[in-house]
Amino acid sequence: MTSNTSVNATNHGVDIQALRNHVNANFDTILQELTDLVAIPGIAWDSFDPANLEKSAEAVASLVQAIGVDSVQILREPTDQGTMGSPAVVAQRAAKPGKPTILLYAHHDVQPPGDTADWNTPPFTATRLGERLFGRGAADDKAGIMVHVAALRAVLDEVEDFGVGVTFFFEGEEEAGSPSFRNFLEAHREKLAADVIIVADSSNWAVGTPALTSSLRGMAAAEVEVRSMNHAVHSGMFGGPVLDAPVLAAKLIASLHAADGSVAVAGLVANDSATVDYTEEQFRADSGVLDSMQLAGTGKLTDRLWNKPALSVIGMDIPDVDHSSNTLIPRTRFKISMRLAPGQDPASALDALEAHIMKQDVLGAQVSFTATEAGNAFQAVDGAPATDTARWALAEAWGTEPVSMGLGGSIPFIADLLEVFPQAQILVTGVEDPDSRAHSANESLHVGDFKNAIVAESLLLARLNNEGL
């Protein structure tokens, strides 16, 4: 235990060096613990073995149990469809009188690996190459779990009379849309109630530059089916007078964007409010877009990413080229994913998309529209005390001022957290960076930023212990 009696007052009574030294001394162990978690392919999709999710939850529970919390449970609640949700780990360390309680959220489930041929290293073997650790979940979001676990260990070892209440909530189905999340919150409202909620599932501005996420786009998704014939026929015998379903679906898809690539669906919210911007060179390097490709839309790149809608076709039912035949295809289906600007109601966005699809001329083909997902955007509250404390902690850990940034991705369950716990201050942090490639092949974590994230969260907890909110 390190005494704080000689700590400079400008550090808010926090012995920054002691916490940094603790993380440095234990960092090899932390990386090994993360490596062990990455090895478990816990995927909350019906087409994958659910036993791996159970194994993942048990491994996370064991890590938390070793810290010495008051209780650790693996819990499940049903979805609205009546199926049982995936296992979540909830652990509690009670607050001492007068101290706040902090809920630390991350998720232990991961995205499917996709085609392993696209990976340069085995997806479920954490592999360090230079300053990056590669593997599915290495960044999204098993690193978030380890930030929370390692930060609490640091303050318990280095901060005298640490009395902040800490609740771990490690969900097991975020990558599948958190279907039981709201029911879980309602069922365990008392366990999960907190003054501050830290969601470690976002990104930093760049390697070496930390960020707090001040806004997230909302999301919605829909499936569109197009039918032009009752059955398949020979493309030579009947091609010409009739267009098959994929051609008509392509016409619908082409209508979604204007000539400059901006979204052409009327009624969607779009804002120009970003105060920072990427250079085009930086964006092209981070995204991997071809040099020959013109970037879509207008305005600042950050507004196009954070404050304007985006539409993508993320799946389509059509024979692949290797198995295609000379056949007119009577029916096809495609899925549209929408990212929505803060201030956009997801239901109205889906209504606008449906209206746009249904008014297109597809020569009398039958078109059906089915909404499948919807989630609200997030806009942080300016001037919240926990935000100021977090910004101080990030600046001290990285040695540079953090950026307040939006994020093009969505974390729809944050809206549920705000509704169930309206008194809580929510901080959205993360360990990813623009080259982490979360959800893609060769997902990776920058090791130096990972270490800084642990230091930053330990500083945040220590200062909250000293000063409260």
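Tutor: Let us begin with a definition: a cavity is a set of grid points where a 1.4 Å probe fits but cannot get out. Please keep in mind that the structure above is a predicted model.

Student: How many cavities of 30 Å³ or more does the count give?

Tutor: The count is two cavities of 30 Å³ or more. The largest cavity has a volume of about 160 Å³. It is lined by 16 residues, of which Leu 394, Thr 429, Ala 453, Ala 456 and Glu 457 are the closest to its centre.

Student: Which elements each supply at least two residues of the lining of the largest cavity?

Tutor: They are β7 (196-203), α11 (385-398), β17 (425-432) and α13. By class, this lining consists of twelve nonpolar, three polar and one charged residues.

Student: How much space lies in the second largest cavity?

Tutor: The second largest cavity holds about 50 Å³ of space. Its lining is formed by Ser 86, Ala 88, Phe 169, Glu 171, Gly 172, Glu 173, Ser 180, Phe 181 and Phe 184. Sorted by class, the lining of the second largest cavity has four nonpolar, three polar and two charged residues.

Student: What describes two packed helices?

Tutor: A pair of packed helices is described by the angle between the axes and by the distance between them. Consider helix α3 (residues 142-158) and helix α13 (residues 447-467), whose axes come within 8 Å and cross at roughly 50°. The two helices are therefore oblique to each other. The crossing in which α3 passes α13 is right-handed.

Student: Which residues make the contact of α3 and α13?

Tutor: From α3 come Ala 143, Met 146, Val 147, His 148, Ala 150, Ala 151, Leu 152, Ala 154 and Val 155, and from α13 come Phe 450, Ala 453, Ile 454, Glu 457, Ser 458, Leu 461 and Ala 462. By class, these are 13 nonpolar, two polar and one charged residues. Notice that Ala 453 and Glu 457 were also listed among those closest to the centre of the largest cavity.

Student: At what angle do the axes of α1 and α13 cross?

Tutor: The axes of helix α1 (residues 16-38) and α13 cross at roughly 130° and come within 9 Å. That angle makes α1 oblique to α13. Here too the crossing is right-handed. On the α1 side, Ile 16, Leu 19, Arg 20, Val 23, Asn 24, Phe 27, Ile 30, Leu 31 and Leu 34 take part, and they meet Val 447, Phe 450, Lys 451, Asn 452, Ile 454, Val 455, Ser 458, Leu 459 and Ala 462 in α13. The contact of α1 with α13 has 13 nonpolar, three polar and two charged residues.

Student: How do the axes of α1 and α3 cross?

Tutor: The axes of α1 and α3 come within 9 Å, with a crossing of roughly 145°. This crossing is right-handed. Residues of α1 in the contact include Ala 18, Leu 19, His 22 and Glu 33, while those of α3 include Lys 142, Arg 153, Asp 157 and Glu 158. The contact of α1 with α3 divides into twelve nonpolar, one polar and five charged residues.

Student: Which residues does a cis peptide bond join?

Tutor: Asp 140 and Asp 141 are joined by a cis peptide bond, with omega about 5°. Asp 141 lies in the loop between β5 (132-134) and α3.

Student: Which residue has a positive phi although it is not a glycine?

Tutor: That residue is His 12, with a phi of about 60°. His 12 belongs to the segment before α1.

Note on methods
Residues numbered from 1 in each chain as written. Predicted model: local features only at pLDDT ≥ 70, side-chain atom pairs only at ≥ 80, totals over all residues. Heavy atoms only, no water. Axes fitted to C-alpha atoms, helices over the stretch in contact; angles between N-to-C directions. Helix = DSSP H or I, 4+ residues; strand = E, 2+ residues; numbered from the N terminus. Parallel < 35°, antiparallel > 145°, perpendicular 65-115°, else oblique. Left-handed = near helix turned anticlockwise from the far one by under 90°. Contact = heavy atoms within 4.5 Å. Nonpolar A, V, L, I, M, F, W, Y, C, P; charged D, E, K, R; others polar. 1 Å grid on protein atoms, 1.4 Å probe; cavity = no way out; pocket = protein on both sides within 12 Å on 5 of 7 lines; lining within 4 Å. Points joined across faces, edges and corners; volume = space filled by probe spheres on them.
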